[in-house]
Amino acid sequence: MSTLYTQKDSNTWKTWLLMSSFFVLIITLGWVFSYIFDNQIILVVAVVVSIVMNITSYWYSDKIVLAMYKAKPVTREENETLWNVVENLSITAGLPMPKVYIIPDSAPNAFATGRNKDHSAVVVTAGLLSMLNKNELEGVIAHELSHIGNKDILLSTVVVVLVGFVALLSNWFLHSQMWGIGRGRDREEGNAHAIIMIFGIILSILSPIVATLIQLAISRKREFLADASGALLTRYPEGLATALEKISSYSRPMTNANNATAHLFISNPFGGQVFKGMSKLFMTHPPIEERVKILRGMES
């Protein structure tokens, strides 16, 4: 069973496993593409790209995500209430004060990002600030600080860059087949090349799907632990429970919501959705009802 301590260690090795797997996957795709297109330069490029993307995802993934959502940094003078909540809970959690950002979006939501506790940020939407009272806001901030303390943030943010890149690469390959690129060699080498071509197409289709399933599985498990850790931090589980209910009642999606970043947020950024049966496999978050039930069970 996951605990605060096992989660930290687990997230550390999961991050390195993810980056290593990405390295192997891109090189494999590069080898397949280089064979199909009869161009060894593609393999060399794949090696270079995999190294560059791993470095980028580690050092700059948080900046990429903040830019995607047009998040604006906040000072104490600009929003004293938010700043004080983050500062006070950071002290309570024994964490350095993270940077604070606001996304100009009416949909209520929040996330934490960064590569470690010394280089982290807590991000909330304008809609969240307008909807929640102070106790509820503390519950949400405590949840996000728990992600920082549990070392969730690097893993979650790296996934955004790597999964997004795999999807783009696979999409490029599929379109190249529609445009007829690489078919000349197929006529020359017959069945052997046709088999590699089919393998390449299958690999291109499956790669982003597998990457996304990993992304979703990581997200769902960590949310329960962050809820529990956040509730222990504030010593008031009802604050987060009520906040989650209010957030889930807002049905409209965030302006820049997309699948690559959905798992970062405290709640589904696409608005209220009902998942049943196999569709639960593609949920970025556990059902709000389950999370609220567990939180309220902590008070009894």
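At what angle do helix H3 (residues 80-93) and helix H5 (residues 134-149) pack, and how far apart are their axes? The legends below refer to a predicted model.

**View 1. Packing of helices H3 and H5.** The two helices meet at an angle of about 50°, and their axes lie 10 Å apart. H3 and H5 are therefore oblique to each other, and their crossing is right-handed. Helix H3 contributes Leu82, Val85, Val86, Leu89 and Ser90 to the contact, while helix H5 contributes Lys134, Leu137, Glu138, Ile141, Ala142 and Leu145.

**View 2. The aromatic pair of tyrosine 58 and tryptophan 59.** The whole structure holds 4 aromatic pairs. In the pair formed by tyrosine 58 and tryptophan 59, the distance is 5.2 Å centre to centre with 75° between the planes, an edge-to-face arrangement. Tyrosine 58 is partly exposed, at a relative accessible area of 22%; tryptophan 59 is likewise partly exposed, at 41%.

**View 3. The aromatic pair of phenylalanine 111 and phenylalanine 265.** The ring centres are 4.9 Å apart and the planes stand at 70°; because planes over 60 degrees apart count as edge-to-face, the pair is assigned to that class. Phenylalanine 111 belongs to strand E3 (residues 110-116), whereas phenylalanine 265 sits in the loop between helix H9 (237-248) and helix H10 (288-297), so that the pair links distant parts of the chain, 154 residues apart. Phenylalanine 111 is buried, with 0% relative accessibility, and phenylalanine 265 is buried at 1%.

How values were computed
Residues are numbered from 1 along each chain as its sequence is written. This is a predicted model: local features need pLDDT of at least 70, side-chain atom pairs count only at pLDDT 80 or more; totals for chains, interfaces and linings use all residues. Side-chain values use heavy atoms; hydrogens and water are left out. Axes are lines fitted to C-alpha atoms, for helices over the stretch in contact, and angles run from 0 to 180 degrees between N-to-C directions. Helices (H or I, at least four residues) and strands (E, at least two) are DSSP runs, numbered from the N terminus. Angles under 35 degrees count as roughly parallel, over 145 as roughly antiparallel, 65 to 115 as roughly perpendicular and the rest as oblique. A crossing is left-handed if the near helix is turned anticlockwise from the far one by less than a right angle, and right-handed if clockwise. Contact means heavy atoms within 4.5 Å. Rings of Phe, Tyr and Trp (its six-membered ring) pair if their centres lie within 6.5 Å; planes under 30 degrees apart count as stacked, over 60 as edge-to-face and the rest as tilted. Buried means under 20% relative accessible area, exposed over 50%, partly exposed in between (1.4 Å probe, protein chains only).
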